[in-house]
Amino acid sequence: MLATFSHFPPFILKNTFNFHNSISLMHTFFSNSNSHNLSVMLQGHLSHSHLLQIHAQIFRVNAHQDNLVATRLIGHYPSRLALRVFEQLRTPNIFPFNAIIRVLGEEGLCSYAFSVFKDLLQCSLSPNDFTFSFLLKACLRSNDAKYVKQAHTHVAKLGFVSDSFICNGLLVAYAMGFKDMVSARKVFDEMPDMGVVRCWTSLIAGSAQSGHIEEVLRLFLMMVKENLRPENDTMVSVLSACSKLEAAEIGKWVMILSEFINDVDSGSVGRDSVNTVLAYLYGKWGQVEKCKERFDEIVGIGKRSVLPWNVIIGAYVQNGCSLEALSLFHVMIEDLNLRPNHVTMVSILSACAQVGDLDLGKWIHEYVKSEGSKAILESNTFLATALIDMYSKCGSLGKAKDVFEQMVSKDVVSFNAMIMGLAINGEGEEALRLFSKMQELSLRPNSGTFLGVLCACSHSGLLHRGRQIFRDMILRFSVPPELEHYACYVDLLARVGLLEEAFKVVASMPFEPNNFVWGALLQGCRLHSRLKLAQDVSQKLVKVDPENSAGYVMFSNALASDQQWGAVSGLRWFMREKGVRKHPGCSWISVNKVVHEFLAGSLSHPQIDRIYHTLDGLMKEMKVASA
């Protein structure tokens, strides 16, 4: 057996003795093997031992000089062994050259990939589009832009600038790899064929990642004016850029894009894409009705994409229209052509959290587990975090903890969601333990973390811990408190009756107090029967938020608790004179997967007569029972 394998390469010989019995058993099958059979056997995934068996037989039948066999062998080995296979070829053609460049590039060995590329040229072989594709991917992993320039020079020199496949590779390398938008735009502008959607997508994605927001929208508008249909990837980049627009810029682009819609006929392939962007901008602007109008303008193939549905559902959720979001989601899932993705689910879980629809939240949890990959919740932090938030806000803290514990990789955002979930459910001590565990795992707390732990201290009355955490924000963690942190700390002090200290904190803030700060103080004054102070605070609350009835109502309640009924009547008269109306109380209940909304004093529910009839019946039964 030693003599049989003596002419094999050392890396084959080293591993042969572990499976020489298998070789003997397979000898009859292999004895008739030719290069074609061996190349077929090298397709697909192979175990290491099986690969070595095939490789040994390749040498037995002298097939290692076959270019197809060598190409496939190279693809199965890491670079060190792949190079040995490649170097044994006496007359390699383009295919093993491409294969070894690919392997070297995938391992980030860009200089070696270029060395092989130069050998290719010296062999008088002509590179093809795959050669440059693999070479450019090697450039991306190199973290050195000079390699892209070198590759670009060869592309131009060898006459490949008209190849859209290679041009797109250059665009990806320049725009997305090295954020060199000047070079990327030069490649794009010099392309002979401007109708390649993939190239537009790469340039738009690079511009979005580089923060050139308005350039993204200019390119998008140019694209649809060329009557090109943007891909889903294009739209994701455009919508990502739109998310960073300021209010003034939103108004400008709403006008520009609306003009395009007015100028093109209904058959324009870009019309649906522009309406999707307009729907997103209107939603971000808070104009939900306009958003819905643009969504309704999208027809046919445009509605088969999940993107416009995500846009309108997201707009409803962000603007507090959770019932509308849930209603539209039910319409969406009834369409067999549509498949909700994780973005859809994150928005719907947020809507469930807002209205307390635990049943739908559980259904989504099961849907994600059954329709997605087995470990999607353990690996997708966005979905897992949304589930933690939903379960916490719906009062199912145990379920929230289960999702959190099952996550494979917990980041700061997931810790923040769990800490806040514990906080709002009155589990302050456990929230602080999780805060400590987070630091033990070398995760650095951020602004959201401190908001959660301060909220935990406030809800659980943990005064001393809250004080220490508020101090540590700056002194230990260098996280400057924002207005919401001050509001939370003031709420903690006011709840335990330290109103004078709370006022000192308010006076020391580098911000103007808002309605949350004054509201926390007013609630503390009412809780500890400080009526004179409550009157002063309520006036300040009304001053910063004159349209909101909360300040009047809280002060009215404080007066009522002191039985100052005349003052209560006077305050209510003053509210009527000012046109301030108390927002009606609102509650939701889910029955048979339908969420019903009830407003205090409203008779708008379609089954209101039946509800009152049932209530009257219950009241009569209660009177009989108590008689």
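Select Glu214 and Lys252: their side chains make a polar contact at 2.8 Å. A polar contact here is a pair of N or O atoms within 3.5 Å; within protein, one must be able to donate a hydrogen and the other to accept it, and residues adjacent in sequence count only if both atoms are side-chain atoms. This is a predicted model, in which local features need pLDDT of at least 70 and side-chain atom pairs count only at pLDDT 80 or more, while totals for chains, interfaces and linings use all residues. Residues are numbered from 1 along each chain as its sequence is written, and side-chain values use heavy atoms, with hydrogens and water left out.

Keep Glu214 selected and show what touches it. Leaving aside residues up to four places away in sequence, Glu214 touches Glu249, Lys252 and Trp253, where contact means heavy atoms within 4.5 Å.

Now widen the selection to helix 14 (residues 213-225), which holds Glu214. Helices (H or I, at least four residues) are DSSP runs, numbered from the N terminus. Axes are lines fitted to C-alpha atoms, for helices over the stretch in contact, and angles run from 0 to 180 degrees between N-to-C directions. To see the contact, show Ile213, Val216, Leu217, Phe220 and Met223 of helix 14 with Thr234, Met235, Ser237, Val238, Ala241 and Cys242 of helix 15. By class, this contact has 9 nonpolar, 2 polar and no charged residues (Ala, Val, Leu, Ile, Met, Phe, Trp, Tyr, Cys and Pro count as nonpolar, Asp, Glu, Lys and Arg as charged, and the others, Gly among them, as polar).

Next, select helix 22 (residues 358-371) and helix 24 (residues 381-393), whose axes lie 10 Å apart at an angle of about 155°. Helix 22 and helix 24 are therefore roughly antiparallel. Leu358, Gly361, Lys362, His365 and Val368 of helix 22 meet Leu383, Leu387, Met390 and Tyr391 of helix 24. The classes here are 6 nonpolar, 2 polar and 1 charged.

Finally, colour the chain by pLDDT, the predictor's confidence in each residue, from 0 to 100. The average is 86, and 86% of the residues score at least 70. Over residues 1-32 the pLDDT is below 50. Where pLDDT is low, the predicted coordinates should not be read in detail.

Definitions and conventions. Helices (H or I, at least four residues) and strands (E, at least two) are DSSP runs, numbered from the N terminus. Angles under 35 degrees count as roughly parallel, over 145 as roughly antiparallel, 65 to 115 as roughly perpendicular and the rest as oblique.
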